[in-house]
Amino acid sequence: MTRTPLDLRLYLVTDTDMCGDHGLVRTVREAVSGGVTVVQLRDPDASDDELVALGMLVRKGLEGTGIPLIVNDRVHLVKQIGADGAHIGQDDLPVPEARSILGSSAYLGLSVHNHEQLMTARENDWDLDYLGVGPVWRTTSKADAEAPIGVSGLKAVASDSPWPCVAIGGVNARRTGGLSASGVAGVAVISAICGQPDPETAAFALRAAWEESP
Ligand code: 3NM
């Protein structure tokens, strides 16, 4: 089964705590109004039950928008949430196992932190839809983030990747301008949207910076 390619231009990864009083669902809805093209539900501290409850609310909030919902790590909850796919890291389930749980119609993304990990994915010809590549810059949004790979590291991965790549880690509107020249299909952010006083304006600024980038 062929999956419709994702529009990866502005990929929101959620952080429930960072959304604070603004609220997760409200943040997601406003961010989508501002131009977010994909939403990933990420909450490593939530139990499965909590994540399902949150996921259902977010999915409901996205109804009618056509924006896909991707679940971080918890591949086994994708169907229960009614999400469109999963995103896994290097230490999560092996890609073939994740793919066999998801079936062929759901999206699957993989985090890649260096060229060697890209080569492993390539050599295995994994059935993936995209790669998240980073952290490009230092980030405080992920407790166990790797060392930043910089724009040169991003370029090295993106230029050899058969899958579309999304830049992640320390991305903001000022830094987005140069990134399309690195060969990526879009940018992924947490803190540049979650916890911002006005998520819609924040998303709009990121999207505009992406569209205007050379
Ligand atoms: N994954 P912010 S960096 C969730 O390198 C995540 O794979 C990363 O948050 C990776 O936009 C990261 O606030 C955090 O820097 C991104």
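**Helix packing and burial: a working chat**

Me: What covers the buried residues of α7?
Reply: The cover includes β5 (107-112), α6 (115-124), β6 (130-133) and β7 (165-168). Contact here is C-beta atoms, placed from the backbone, within 7 Å; helices (H or I, at least four residues) and strands (E, at least two) are DSSP runs numbered from the N terminus. The model is predicted: local features need pLDDT of at least 70 and side-chain atom pairs count only at pLDDT 80 or more, while totals for chains, interfaces and linings use all residues. Residues are numbered from 1 along each chain as its sequence is written.

Me: Which residues of α7 are buried?
Reply: In α7 (residues 150-159) they are Leu 154, Val 157 and Ala 158. Seen down the axis of α7, these fall within an arc of 95 degrees (taken from the directions from the helix axis to the C-beta atoms), so they line one face of the helix.

Me: How far is Gly 150 from Leu 77?
Reply: They are 33 Å apart in space, C-alpha to C-alpha, and 73 residues apart in sequence.

Me: Switching to α2. How many of its residues are buried?
Reply: Eight of the 11, so α2 is largely enclosed by the rest of the structure. Among the buried ones are Arg 29 and Glu 30, along with Leu 24 and Val 28. Their cover includes β1 (10-13), α1 (16-19), β2 (38-41), α3 and α9 (199-212).

Me: What comes just after α2?
Reply: Gly 35, with a positive phi of about 125 degrees.

Me: At what angle do α2 and α3 cross?
Reply: The axes of α2 (residues 24-34) and α3 (residues 48-62) cross at roughly 30 degrees and come within 9 Å. That makes α2 roughly parallel to α3 (angles under 35 degrees count as roughly parallel, over 145 as roughly antiparallel, 65 to 115 as roughly perpendicular and the rest as oblique).

Me: Which residues make the contact?
Reply: From α2, Leu 24, Val 25, Val 28, Arg 29 and Val 32; from α3, Leu 54, Leu 57, Val 58, Gly 61 and Leu 62.

Me: Last one, Ile 70. Where is it found?
Reply: Ile 70 is found in strand β3 (residues 69-72). It counts as buried because it has 25 C-beta neighbours inside 10 Å. Leaving aside neighbours within four places in sequence, its contacts include Val 39, Ala 83, His 87 and Tyr 107.

Methods
Axes fitted to C-alpha atoms, helices over the stretch in contact; angles between N-to-C directions. Contact = placed C-beta atoms within 7 Å. Buried ≥ 20, exposed ≤ 12 C-beta atoms within 10 Å, placed from the backbone.
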